[in-house]
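Student: I am new to this structure and would like to learn how to read its packing and one of its helices. Could we go through them together?

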Amino acid sequence: MTSEKDFYGELAKFDSSPDLVDEATDMEEDDEHVLLICGDCPQARALADRADKCGFVVDVAVQTALEAEAGNFSKARKVQALPGFDNLIQACGIGRSHYVCIFAPDEESCLNALYEAIESHAFYIGVWASHEESGEIFAKLKEMGVPDAEQPPLCCPIGLSVYAENPVQASVAVVAELLAARAGTLGRLRLDD
């Protein structure tokens with residue numbers, strides 16, 4: 001019979017095996033994990049609440065001042081109006097420690113936010129889209145000159161496949177994906193992509 005000490009020793013060897021590491025991260029454990037939500041919809045609002053509870057600092061960029069002042073994101077550190085998501089990198093200070101989730105209301109603002117997020121080298125980038133729309137998004141990125149090498153960190157559609165039936169369930173699927181990205185295990189969970 002294996003002792004508890006031997007069992008956990010073997011488990012530690014297994015967990016640190018290089019073959020099992022899906023993603024190397026440049027982030028330190030004590031780095032602030034900032035989630036930038038681009039857009040306002042029920043799923044984005046639910047995501048802000050769940051992400052806050054899971055230790056993310058939440059910032060939000062919306063299209064209009066009216067949306068920014070509506071109070072829909074009570075857990076956000078800041079909410080700012082950024083029409084078309086122009087100058088997202090400068091306005092929101094996106095960097096390597098950011099997780100960016102895009103819930104854009106139209107294709108143009110979605111592609112603009114996505115292009116800026118890719119340019120920023122954000123740690124995680126996800127887009128709220130259907131499987132059909134995701135194919136179109138990848139094709140548009142190619143047309144815009146975004147190299148294939150820049151596309152792998154992009155999760156589109158966003159969230160783990162749980163067939164969510166409401167915004168809260170959808171937000172749980174997205175937070176699970178964000179936590180997996182933070183832990184370096186996202187590749188194992190997105191086998192359908």
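Predicted model: local features only at pLDDT ≥ 70, side-chain atom pairs only at ≥ 80, totals over all residues.

Student: Which residues have the most contacts inside the largest nonpolar core?

Tutor: In soluble globular proteins, nonpolar side chains tend to be buried together. Here the largest such core holds 26 residues, and those with the most contacts inside it are L35, I37, L47, Y99, C101, Y124 and L178. Strand 1, helix 2, strand 2, strand 4 and helix 7 each supply at least two of its residues, with the largest share, 5 residues, coming from helix 7. Another core, of 25 residues, lies apart from it and includes C92, A113, A129 and V146.

Student: What is L178 in contact with, leaving aside its neighbours within four places in sequence?

Tutor: With those neighbours set aside, L178 is in contact with L35, L47, F56, Y99, C101 and Y124.

Student: Which elements do the buried residues of helix 5 pack against?

Tutor: An α-helix has 3.6 residues a turn, so residues three or four places apart point the same way. In helix 5, the buried residues include C110, A113, L114, A117 and I118, and the buried residues of this helix pack against helix 4, strand 4, strand 5, helix 6 and strand 6.

Student: Where does a side-chain oxygen of D106 lie, and what phi does H121 take?

Tutor: D106 caps the N-terminal end of helix 5, with a side-chain oxygen 3.2 Å from the backbone nitrogen of E108, while H121, just after the helix, takes a positive phi of about 60 degrees.

Notes
Residues numbered from 1 in each chain as written. Heavy atoms only, no water. Core = buried A, V, L, I, M, F, W, Y, C linked by side-chain atoms within 4.5 Å. Buried < 20%, exposed > 50% of the residue type's maximum accessible area, 1.4 Å probe, protein only. Helix = DSSP H or I, 4+ residues; strand = E, 2+ residues; numbered from the N terminus. Contact = heavy atoms within 4.5 Å. Polar contact = N/O pair within 3.5 Å; in protein donor to acceptor, adjacent residues only side chain to side chain.
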